[in-house]
Amino acid sequence: MCADWKSGYNPDVITTGLEKIKSTSENGEVSFTGFEFNDYVTVLLSSLKFVFPFPDLYKRQFVHKGIAIVAKSKTLTKSALLQEISKLEQAYMREPIKEYLLVSDISLHIPTARESVGLNDTRIIFSCHLSSKIQRDVFLKLGREFLNRELPTAYSYIQIMTRGRSPEEAGIVALDTIDLLRGIWNFALNRKRHVVLHAKKRDPINKILLGPLHSLHYPNGKRLPDPFWYDPTYVEPVSPMDLRRNWDSLRSFERQVRKRLSKSHSRTFMEEAFRRYAVALDERNHETAFLKLWSLLEYLTRTTIKDSHKVTVTRAVSVWSDRDFHQEVLHHLRDYRNSAVHMDQRNEEITKLLYQLKRYVEALLEFHVFHGHKFANLGNITSFFDLPTDKATLTEQKHLIQKRLRFIRT
């Protein structure tokens, strides 16, 4: 387990710059002059590739401590800095794993007073009431003053038993887990929903949203003063989704998806896709939601930076029967995406566009879930997307491949 430099960066430039602004006092204390130091650190953070998904807080600490240690004993070079950061990385990985409890609320009503869901070795508990042992009142008072917004009062509570080498890591694991579950649940509910226009107000497409404040506790309910997570885009509560009637069908669909993912060679890839789906459609700003959803479309079609947007469109339409029509729709969505990114243009019909794009993202999610397990790896899925969709062309290629195989055997 060692950090490494990403391709495309030249860390020599950064370490040389740091060495130039370094100064050492008579008692051996090292400092850096000028405003460039913060620029150098942020570039270093972007240029480093970590094998383990460390919390951002610890990545920054690794870089700051690594710079300080190397600068004090020797000349700053990219190899010396990488060696020291790797040592800090390995020391973190040796830390004991501890248990924590993340508490928040969620915009749904459950059929009973308490429901429990197990996901990826993490226990998620939904309840109508919190135990008096969970100390959250002071936290909510501070959070209300901090956000200066009306907090949800009709949501259900959610408790996530989580583990990590640090509180930050445990919190990230918990939030990733609930986002995965919300992605699957919202996918089940959203697939049946078509565009609903409101005269003045734009609501998130997702119906199952987390509350804006998430507190971390010890298993006994005592709250850790730090860290806590909040939603900076939070505006107001939404109407909770009443799951009392369709709880069983929703859970059945969720188990079906998870069963397929457990058999898939691209499970990790797809779990991240569902998280990104949840986060994209949590957005009240539909322009932002559109751009996040287009990014997810590129992710699901495995479009690389070197590929053109035509690759995204071609692969996305390959799972549809009326490909000519859907290719036209995706071209028009791609044009809006480009104008929104490059020319900062807005469209009064953005909600309609968002629902159109949602249709193609959900079709790809469905394909990956219900057909992805038939492929040995993601590369094979990409090759499948790139195959011709005309039966005559495919048949001709099949005959050519068979002839080639016979020729090789002879």
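Here is a short chat about a predicted model.

Q: What kind of model is this, and what pLDDT do local features need?
A: The model is predicted; local features need pLDDT of at least 70, side-chain atom pairs count only at pLDDT 80 or more, and totals for chains, interfaces and linings use all residues. Residues are numbered from 1 along each chain as its sequence is written, and side-chain values use heavy atoms, with hydrogens and water left out.

Q: What is the strand order in the open sheet of 6 strands?
A: The order is S7-S8-S9-S5-S10-S11, with antiparallel pairing. Strands are DSSP runs of E, at least two residues, and helices are runs of H or I, at least four, numbered from the N terminus. Two strands pair if DSSP finds at least two bridges between them.

Q: Which strands stand at the edges?
A: S7 (114-119) and S11 (223-230) do. Each has a single partner strand, so one side of each is left without a neighbour in the sheet. The twist averages 20° from one strand to the next.

Q: How many bridges join S5 and S9?
A: Strand S5 (residues 98-106) and strand S9 (residues 156-164) pair over 9 bridges, in the antiparallel sense. Leu101 has Met161 in S9 as its bridge partner.

Q: Which strands does H6 touch?
A: Helix H6 (residues 167-190) packs on the sheet and touches S5, S7, S8 (122-127), S9, S10 and S11. Its direction makes about 130° with that of S9. Axes are lines fitted to C-alpha atoms, for helices over the stretch in contact, and angles run from 0 to 180 degrees between N-to-C directions.

Q: Where does H5 lie?
A: H5 (residues 137-147) lies across S10 (213-217) and S11, at about 150° to S10.

Q: Which residues of H5 are buried?
A: Phe139, Gly143 and Leu147 are. Those residues cover an arc of only 55° around the axis, which puts them on the same side of H5. The arc is that of the directions from the helix axis to the C-beta atoms. Asp137, Val138 and Glu145, on the other side, are exposed. Buried means under 20% relative accessible area, exposed over 50%, partly exposed in between (1.4 Å probe, protein chains only).

Q: New topic. Which residues have the most contacts inside the largest nonpolar core?
A: Phe126 and Phe274 do, in a core of 72 residues. A nonpolar core is a set of buried Ala, Val, Leu, Ile, Met, Phe, Trp, Tyr and Cys residues joined through side-chain atoms within 4.5 Å. Helix H12 (residues 350-371) gives this core its largest share, 12 residues.

Key
Contact = heavy atoms within 4.5 Å.
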